[in-house]
Amino acid sequence: MRFSGFKVVKEALTGHRGWKPLWRDPEPQSHYDIVIVGGGGHGLATAYHLAATFGQARIAVLEKGWLGGGNIGRNTTIIRSNYMLPGNEPFYEFSMKLWENMEQDLNFNAMVSQRGILNLCHTDAQRDAFRRRGNAMLLAGADAELLDQDGVRAMAPFLNFDNARFPIKGGLLQRRAGTARHDGVAWGYARAADQRGVDIIQNCEVTGFRIENGAVKGVETSRGFIGADKVGVAVAGSSGRVMQMAGMRLPIESHVLQAFVSEGLKPVIPGVITFGAGHFYVSQSDKGGLVFGGDIDGYNSYAQRGNLPVVEDVAEGGMALMPMLGRARLLRMWGGVMDMSMDGSPIIDRTDIDGLFFNGGWCYGGFKATPASGYCFAHLLATERPHETAAAYRLDRFARGHVIDEKGVGAQPNLH
């Protein structure tokens with residue numbers, strides 16, 4: 001079944017009796033060529049590209065809960081490619097291009113909205129840093145504009161321009177950035193992968209790996225043993241726990257990142273805006289709620305909930321940026337478990353165990369990376385060679401000293 005405007009009109013006129021489930025609910029087979037552990041955005045995108053782009057067959061995605069219940073449904077939906085370092089910017093720009101064609105490729109409305117992202121600067125030094133980042137973006141083929149105060153005021157006149165402590169001096173604008181519907185992305189990839197023969201198996205928790213003579217033979221699950229020639233792990237904040245079952249200790253910590261949404265308001269935020277004097281970012285959903293967030297909680301946790309000090313810190317950042325936020329009521333909040341790597345950049349690589357591959361360490365950047373992460377991980381699984389845009393995301397870069405410290409805070413995951 002393909003979605004179209006004609007199909008929507010037809011179903012509206014006939015009582016919506018022709019809609020079918022978006023994907024099958026199959027029983028797991030005894031053996032697959034490739035098993036993907038993790039049914040989030042990255043795992044589903046990997047399965048889709050394995051089947052659609054690289055012509056692989058006999059693929060299964062194993063998800064311990066339900067699709068959309070993990071980080072893919074617990075984020076602030078921002079997509080962008082405004083990075084600076086050569087190990088990151090080409091990858092995220094590749095992802096941005098995939099976002100721009102994703103809905104057509106998947107035949108699914110993921111509500112991709114390229115409304116732009118504006119990073120505010122508050123000092124002369126920060127403006128110089130943004131100029132450098134913008135030039136790096138342009139050299140990598142992305143778009144970037146450096147705005148002065150008048151340019152920012154024209155876009156967002158409601159910001160606090162008169163605050164002597166945090167004066168707004170300008171901003172770095174990427175017009176092609178924006179937001180997408182998080183669970184719509186998961187559903188779109190799941191449907192498209194299922195149409196290409198991928199078995200998506202929910203409520204199937206991986207409890208161990210079967211490894212013989214240094215090679216993976218499959219996974220033990222809550223629904224029995226499932227054999228596989230290759231196993232790809234993409235489980236975000238659970239990376240450390242899952243890979244430990246294979247005897248691996250990763251350079252990753254798990255932290256909670258909170259997000260918030262206000263009551264529904266009339267349109268006020270034109271795109272995505274970030275506060276340069278603290279960690280606060282905000283956009284507005286299609287339902288009218290202001291979606292915002294800030295720093296991780298800073299301590300190790302697997303809980304999908306946060307604590308009040310971070311709520312206070314995020315609220316203070318929002319109030320400093322736009323005091324009108326104080327009139328809005330907080331509707332709800334949630335937490336995602338971040339797999340924080342030692343340098344703040346991800347890992348897409350094969351492991352020392354033959355047939356076992358790993359995708360993780362996405363820190364804050366997981367959602368925006370979904371299309372490219374899936375493509376590059378599928379490329380690695382299918383060809384056993386890293387994709388050119390993900391060549392820097394190797395596991396051994398920490399031993400080699402080739403870290404990708406985008407934020408410049410060193411090997412402290414809680415600060416990235």
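These notes go from the sheet to the helices and then to single residues.

**Entry 1**

I began by noting that the model is predicted. I then traced the strand order of the sheet. It is an open sheet of 8 strands, ordered β5-β6-β4-β13-β14-β15-β12-β16, with mixed pairing. I looked up the edges next. They are β5 (145–148) and β16 (330–341), and each of them pairs on one side only.

Strands β4 (residues 117–121) and β6 (residues 170–174) run antiparallel and are joined by 5 bridges. Which residue of β6 is the bridge partner of isoleucine 117? I found glutamine 174 there.

**Entry 1: a helix across the sheet**

I followed helix α8 (residues 308–321) over the strands. It lies across β4, β12 (252–264), β13 (272–275), β14 (280–284), β15 (289–300) and β16. Against β15, helix α8 runs at about 135°.

**Entry 2**

For packed helices I note the angle between the axes and the distance between them.

I then listed who meets whom. From α2 come Gly41, His42, Ala45, Thr46, His49 and Leu50. From α9 I have Thr370, Pro371, Ser373, Gly374, Tyr375, Phe377, Ala378, Leu381 and Ala382. Sorted by class, the contact of α2 with α9 holds 8 nonpolar and 7 polar residues, with no charged ones.

**Entry 3: α3 with α6**

I looked up a second pair, α3 (89–106) and helix α6 (residues 182–195). The axes of α3 and α6 cross at roughly 45° and come within 10 Å. These two helices are therefore oblique to each other as well. α3 passes α6 in a left-handed crossing.

On the α3 side, the contact is made by Trp99, Met102 and Leu106. Val185, Gly188, Tyr189, Arg191 and Ala192 make it on the α6 side. I sorted these residues of α3 and α6 into 6 nonpolar, 1 polar and 1 charged.

Is serine 283 buried or exposed? I found serine 283 in strand β14. Its relative accessible area is 2%, so I count serine 283 as buried. Leaving out residues up to four places away in sequence, serine 283 touches Thr76, Thr179, Ile269, Gly271, Val272, Gly289, Leu290 and Val291.

I moved on to lysine 64, in the loop between β2 (59–62) and β3 (78–79).

**Entry 4: positive phi**

I looked for positive phi values in residues other than glycine and noted two. Histidine 16 has phi near 55°. I placed histidine 16 in the loop between α1 (5–13) and β1 (31–37). At 46% relative accessibility, histidine 16 counts as partly exposed.

Methionine 111 has phi near 60°. I found methionine 111 in the loop between α3 and β4. Its relative accessibility is 31%, so methionine 111 counts as partly exposed.

Note on methods:
Residues numbered from 1 in each chain as written. Predicted model: local features only at pLDDT ≥ 70, side-chain atom pairs only at ≥ 80, totals over all residues. Heavy atoms only, no water. Contact = heavy atoms within 4.5 Å. Helix = DSSP H or I, 4+ residues; strand = E, 2+ residues; numbered from the N terminus. Nonpolar A, V, L, I, M, F, W, Y, C, P; charged D, E, K, R; others polar. Pairing = 2+ DSSP bridges. Axes fitted to C-alpha atoms, helices over the stretch in contact; angles between N-to-C directions. Buried < 20%, exposed > 50% of the residue type's maximum accessible area, 1.4 Å probe, protein only. Parallel < 35°, antiparallel > 145°, perpendicular 65-115°, else oblique. Left-handed = near helix turned anticlockwise from the far one by under 90°.
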